[in-house]
Amino acid sequence: MVDYPNDITTADEVENPPGVAIDLYYIPYTQIETFAEPVSPSVTFGDQVIIADDHECITGKNFRHISLTMATAEYTADPTGDRGSKILAPKLVARVQGFTAALLEFQKRSKQGRYLVIFKLNDGIKTQIGDAINPAEISIKSMTGKTGSGFRGVELEITSFQLATWLYQGAIPLTPAS
């Protein structure tokens, strides 16, 4: 295992934009043939949270895309569990505008579904919720807003339990695997 570096802080002159970009990708857990794993063995500090290879989808399956409403998404990953046995509980909350049949059917289907979800931060870094051990779950709340104000659409809450915040560097296939 690689030792801790002397300094893990970000230099002041490095861009560090907050927030989540509008691109979110998901695939049902059962449609992945092979889950990519974190870099092993570690060469540099940080390798243990990087997934550099591609996830392989089963034949005929691929990731799907959702456009999030700009400036409505936030990601957090809080530690949970007892002393000596903690794990992270990542959560992405985001909104998608529109009160369409497609969004409402996705709400209906996702209630019991298990997924792998990848989304981009505002600097292009891809982050993954769910892994080979623990899938992501998606809860969707529909809302209409009030006449004259408010939001009309759905609010996604994507959660899981995992060992780390995964940084995904692989490809996201948007066409069916052959």
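Me: How many salt bridges does a search of the whole structure find?

Reply: A salt bridge is a side-chain nitrogen of Lys or Arg within 4 Å of a carboxyl oxygen of Asp or Glu. The search of the whole structure finds three of them. Some conventions come first: this is a predicted model, in which local features need pLDDT of at least 70 and side-chain atom pairs count only at pLDDT 80 or more, while totals for chains, interfaces and linings use all residues. Residues are numbered from 1 along each chain as its sequence is written, and side-chain values use heavy atoms, with hydrogens and water left out.

Me: Which residues are linked in a network of salt bridges?

Reply: The network links Arg95, Lys141 and Glu155. Between the side chains of Arg95 and Glu155 there is a salt bridge of 3.1 Å, N to O. This pair connects distant parts of the chain, with Arg95 in strand 7 (residues 87–97) and Glu155 in strand 11 (residues 153–159), 60 residues apart. Here helices (H or I, at least four residues) and strands (E, at least two) are DSSP runs, numbered from the N terminus. The side chains of Lys141 and Glu155 also meet in a salt bridge, at 3.7 Å, N to O. That pair too links distant parts of the chain: Lys141 is in strand 10 (residues 137–143) and Glu155 in strand 11, 14 residues apart.

Me: Is Glu155 buried or exposed?

Reply: The term buried means under 20% relative accessible area, exposed means over 50%, and partly exposed lies in between (1.4 Å probe, protein chains only). Glu155 is buried because its relative accessible area is 18%. Arg95, at 27%, counts as partly exposed, and Lys141, at 46%, is likewise partly exposed.

Me: Where do Glu105 and Arg109 lie?

Reply: Both belong to helix 1 (residues 101–110) and are four residues apart, about one turn of the helix. Glu105 is partly exposed, with a relative accessible area of 40%, whereas Arg109 counts as exposed at 61%.

Me: Which residues of helix 1 are buried?

Reply: Leu103, Phe106, Gln107 and Ser110 are buried. Seen down the helix axis, the buried residues fall within an arc of 105 degrees, so they line one face of helix 1. The arc is that of the directions from the helix axis to the C-beta atoms. On the other side, Ala101, Lys108 and Arg109 are exposed.

Me: What do the buried residues of helix 1 pack against?

Reply: Contact means heavy atoms within 4.5 Å. The buried residues pack against strand 1 (20–28), strand 5, strand 7, strand 8 (115–121), strand 10 and strand 11. Helix 1 lies across strand 7, strand 10 and strand 11, and runs at about 140 degrees to strand 10. Axes are lines fitted to C-alpha atoms, for helices over the stretch in contact, and angles run from 0 to 180 degrees between N-to-C directions.

Me: What is the order of the strands in the open sheet of four strands?

Reply: Strands of a sheet pair through backbone hydrogen bonds, either parallel or antiparallel. Two strands are taken to pair if DSSP finds at least two bridges between them. In this open sheet the order is 6-7-11-10, with antiparallel pairing. Strand 6 and strand 10 are the edge strands, each pairing on one side only. The twist averages 20 degrees from one strand to the next. Strand 7 and strand 11 run antiparallel and are joined by seven bridges; Val93 stands opposite Glu157 in strand 11.

Me: Which residues does a cis peptide bond join?

Reply: Most residues other than glycine have a negative phi, and most peptide bonds are trans. A cis peptide bond joins Ser40 and Pro41, with omega about -5 degrees. Pro41 is in the loop between strand 2 (32–34) and strand 3 (50–51). As for phi, Ala71 has a positive value of about 65 degrees although it is not a glycine. Ala71 sits in the loop between strand 5 (64–67) and strand 6 (74–80), and is exposed, with a relative accessible area of 77%.
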